[in-house]
Amino acid sequence: MSHLSIFVQYVGQYMKTRLTYRSDMVVEIMSDLLFQAVNLIFILVVFGHTNLLSGWSKDEIIFIYGFFLVPFALFSTFFNIWDFNERYIVKGELDRILTRPIHSLFQVILERMELESMFGVVTGLAVMFYAGSNLGLTISWYDPLLFLLFVLGGAFVYAGIFISLATISFWSDSRTDIMPMMYNIGNFGRYPVDIYNQIIRYVLTWILPFAFVGVYPAAFFLDKTEWYGYAYLTPVMGIFFFSLSIFLWNIGVTKYRGAGS
Amino acid sequence: MGKYLEMIRIRFLMMLAYRTNYYSGIIIYSINIAAYYFLWSAIYGGKEDIQGLSVIQMTTYIAVAWMARAFYFNNIDREIAIEIKEGKVAVEMIRPYHYLNMKTMAALGEGIFRLFFFSVPGMFLVSLVFPLQFSANPATWGFFGISILLSFVINTQINLMTGIFTFFIFNNDGLMRAKRVVIDLFSGLILPISFYPGWAQSGMEWFPFMYISYVPSMIFSEGFVGQQVWNALMMQGLWCLLLLVPIQVLWVLAKKQMVIQGG
């Protein structure tokens, strides 16, 4: 069986399980919307007390947030591995995965898929168009193409970081509790990086490159020419970090010792 | 009583066995606070204070809010949900203790562990690098201690309620997520409540959320002084008592219509 047909099979099963608990699905979509609103409220409240954030206006920051939502939606649809340690290592569920003849990471991704998170793409686009029209931005013929490229790059950056973190569990099965804080650090990539000092900027660009899922690619659409170089790097960073995480996974999985029963 | 103390001890030891990874958590925590420091400095942009808080007080507020979160935070709603789904709750019910109290004690054991092995060293590390403002007044520390204990109680009560809801709706991942978002936003973890517009503030006074994070952080950063501290602590205590009512009601109803799904 090809990977594609397995994917389709999983989606089918997924729909069935989801439609069993319909009320929960509605609450889940609502809570997603609420989650997206939280950060928007943060921006709005902050700009209630200031006009410019190191030269960037409120609408520009909102536009960056709208852009961020799109790759983040893709990421949270397919890469729900924040509880990988508890779910697969501590409980020994990975034993089951490893007996099957398909790449283990691919199976984990399929099992933990959450298709309703795709809703975030719609919210993101709506926020972008809202802020963009306030700013009077125009769309060129190549913008949608680059947008797609940057979104994929951003989603892969996120996936790369979180898969790499999940692989730590192969070496050490203790809980880290760093995942929620990691999600929080992801938020900092949405603000103009020149507000941070050298170290934080370096971390957000090259070590935990969350700036590539926010300010760098969005700066391209905001016509901030000084950031174009970084914007074009987005897909490269995505491919690099995602490949690195798969490399780490492949090594890590050979070190796995079943911990559960 | 003895069995409950034993539960705190066991959970503490369980966490202690897996302590190494907490050190990596401290580094992530430091990056987090550092980024907040610069973000808030940019937001202040040279202003002396916003809503009565200076930049340094603001950084202290954020740092201590995250540190306190490590103490009051727990996943018992998820634990309860899993035990209900797997049918394990049936066994728990026939054991000679109160299920909800036992869960609370387990959470307390976890919280105490995180306080000593994560919050305290993390806060120490951050205070070396950033200008945080620690009060020299022992009373402030005392009030802060009482306040985070009450925060723990309120947050745990909300988690118990969310967990018990699994008895009625069977799969409550969505509800748990919504609860987390609401607490992040309205507890004052990411923004002090005083920064919100007036109408929003008066709305929030009707909910227990701001007593989880806003109150202890304001006490610690001395944004609250004198009578304000006493009032805030009284309100926290009041909510602790008030929330017992819905929990008891839900628990009685849940036991009546329990459906064991697995096991």
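Among contacts in chain B between residues at least 6 apart in sequence, what percentage join residues at least 24 apart? The figure is 83%. Two residues are in contact if their C-beta atoms, placed from the backbone, lie within 7 Å.

This is a predicted model, in which local features need pLDDT of at least 70, side-chain atom pairs count only at pLDDT 80 or more, and totals for chains, interfaces and linings use all residues. Residues are numbered from 1 along each chain as its sequence is written, while chains are lettered from A and ligands numbered from 1 in the order in which they are written. The model scores ipTM 0.81 and pTM 0.85. Chain B averages a pLDDT of 87, and 98% of its residues score at least 70. Here pLDDT is the predictor's confidence in each residue, from 0 to 100.

Start with chain B as a whole. Chain B has 13 helices and two strands. These are DSSP runs numbered from the N terminus: helices (H or I) have at least four residues, strands (E) at least two. The C-alpha atoms of chain B fill a box of roughly 60 × 45 × 30 Å along the principal axes. A compact globule of 263 residues would have a radius of gyration near 18 Å; chain B has 19 Å, which agrees. That radius is taken over C-alpha atoms, and the globule rule is 2.2 Å times the number of residues to the power 0.38. Of the 263 residues of chain B, 45% count as buried. Buried means that 20 or more other C-beta atoms, placed from the backbone, lie within 10 Å of the residue's own; exposed means 12 or fewer, and partly exposed is in between.

Now look at helix H1 of chain B, residues 2–17. Its 16 residues should span 22 Å at 1.5 Å a residue, and its end C-alpha atoms are 23 Å apart, which agrees. The expected span is 1.5 Å times one less than the number of residues. In H1(B), B:Met7, B:Arg11 and B:Met15 are buried. Seen down the axis, the buried residues of H1(B) fall within an arc of 65°, so they line one face of the helix. The arc is that of the directions from the helix axis to the C-beta atoms. An α-helix has 3.6 residues a turn, so residues three or four places apart point the same way. The buried residues of H1(B) pack against helix H6 (99–129) of chain B. The face turned away from the buried side of H1(B) carries the exposed residues B:Gly2, B:Leu5, B:Glu6, B:Leu13 and B:Ala17.

Next, see where the chains meet. The contact takes 37 residues from chain A and 34 residues from chain B. On the side of chain A that touches chain B, H2(A) gives the most, with 14 residues. A:Phe42 lies in helix H2 of chain A. A:Phe42 touches B:Ile190 and B:Leu191, not counting residues up to four places away in sequence. With 17 C-beta neighbours inside 10 Å, A:Phe42 counts as partly exposed.

Finally, visit two loops. A:Asp223 is found in the loop between helix H11 (215–221) and helix H12 (228–254) of chain A. A:Asp223 has a positive phi of about 60° although it is not a glycine. With 11 C-beta neighbours inside 10 Å, A:Asp223 counts as exposed. B:Gln51 sits in the loop between strand E1 (49–50) and strand E2 (53–54) of chain B. B:Gln51 is not a glycine, yet it has a positive phi of about 50°.
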